[in-house]
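Work through the exercises below with the sequence and the 3D view side by side. Each task is followed by a solution in steps.

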Amino acid sequence: QVHLGESGGGLVQAGGSLRLSCAASGRSFSNYALAWFRQAPGKERDFVAAIDWSTPRTYYANSVKGRFTISRDNAKNTGGQQMSSLKSEDTAAYYCADRSSRAAWHTALASRADWYDSWGQGDQVTRPP
């Protein structure tokens, strides 16, 4: 497994933007798929966005489409997520996840938490009401 670490979270005001980064340590990203999930207090972990590392096809939850952009940088071995026009309902801990084995890309799979086998510790994003 690769060890992942998120950074870039924080407090943002209405309409503000943040950029989350996901760095790999121990070994490189698997180069198959990277995703972001989020979990608000008392709620389940929800899919946010995913990227097929090589193509790169992307897939977004409807709630963030048009506001969030997932990316990867092969040379720097990092993943990222640019978040704009943040809303109070975006407040959550954000986790990056990596899939380590080859599989055909399908959005129904890429949005499932159990499709990924390495996870970061999470980074808090807060946009007050």
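**Exercise 1. R67 and its surroundings**

Task: Decide whether R67 counts as buried or exposed, and find what its side chain reaches.

Solution. The model is a predicted one. Start with accessibility: the relative value for R67 is 12%. The cut-off for buried is under 20%, so R67 counts as buried. Then follow the side chain, which reaches the backbone oxygen of S63 at 2.8 Å. Last, list the contacts, leaving aside neighbours within four places in sequence: R67 is in contact with Q82, M83, S84, S85, L86, K87 and D90.

**Exercise 2. An open sheet**

Task: Give the order of the strands in the open sheet of 4 strands, and say which strands stand at the edges.

Solution. Trace the strands across the sheet: the order is β1-β3-β8-β7, with antiparallel pairing. Then look at the two ends. β1 (3-7) and β7 each have a single partner strand, so one side of each is left without a neighbour in the sheet. On average, neighbouring strands here are turned by 15° against each other, direction ignored.

**Exercise 3. The disulfide**

Task: Which cysteines does the disulfide join, and which strands hold them?

Solution. Search the whole structure: there is 1 disulfide. The disulfide joins C22 to C96, with an S to S distance of 2.1 Å. The angle about the S-S bond is 65°, and the link is right-handed. C22 lies in strand β3 and C96 in strand β9, so the pair ties together parts that are 74 residues apart in sequence. Finally, check accessibility: C22 is buried at 0% relative accessible area, and C96 is buried with a value of 0%.

**Exercise 4. The largest nonpolar core**

Task: Which residues of the largest nonpolar core touch the most other members, and what does Y94 touch?

Solution. The core has 36 residues, of which W36, M83, Y94 and Y116 touch the most other members. Next, see which elements give two or more residues to the core: β3 (18-25), β4 (33-39), β5 (46-52), β7 (68-73) and β9 (92-99). Now follow Y94, not counting residues up to four places away in sequence. Its contacts include W36 and M83. Y94 also touches E6, L20, F37, R38, V48, F68, Q81, G122, D123 and V125.

Methods:
Residues are numbered from 1 along each chain as its sequence is written. This is a predicted model: local features need pLDDT of at least 70, side-chain atom pairs count only at pLDDT 80 or more; totals for chains, interfaces and linings use all residues. Side-chain values use heavy atoms; hydrogens and water are left out. A nonpolar core is a set of buried Ala, Val, Leu, Ile, Met, Phe, Trp, Tyr and Cys residues joined through side-chain atoms within 4.5 Å. Buried means under 20% relative accessible area, exposed over 50%, partly exposed in between (1.4 Å probe, protein chains only). Contact means heavy atoms within 4.5 Å. A disulfide is a pair of cysteine sulfur atoms within 2.5 Å. A polar contact is a pair of N or O atoms within 3.5 Å; within protein, one must be able to donate a hydrogen and the other to accept it, and residues adjacent in sequence count only if both atoms are side-chain atoms. Two strands pair if DSSP finds at least two bridges between them. Axes are lines fitted to C-alpha atoms, for helices over the stretch in contact, and angles run from 0 to 180 degrees between N-to-C directions.
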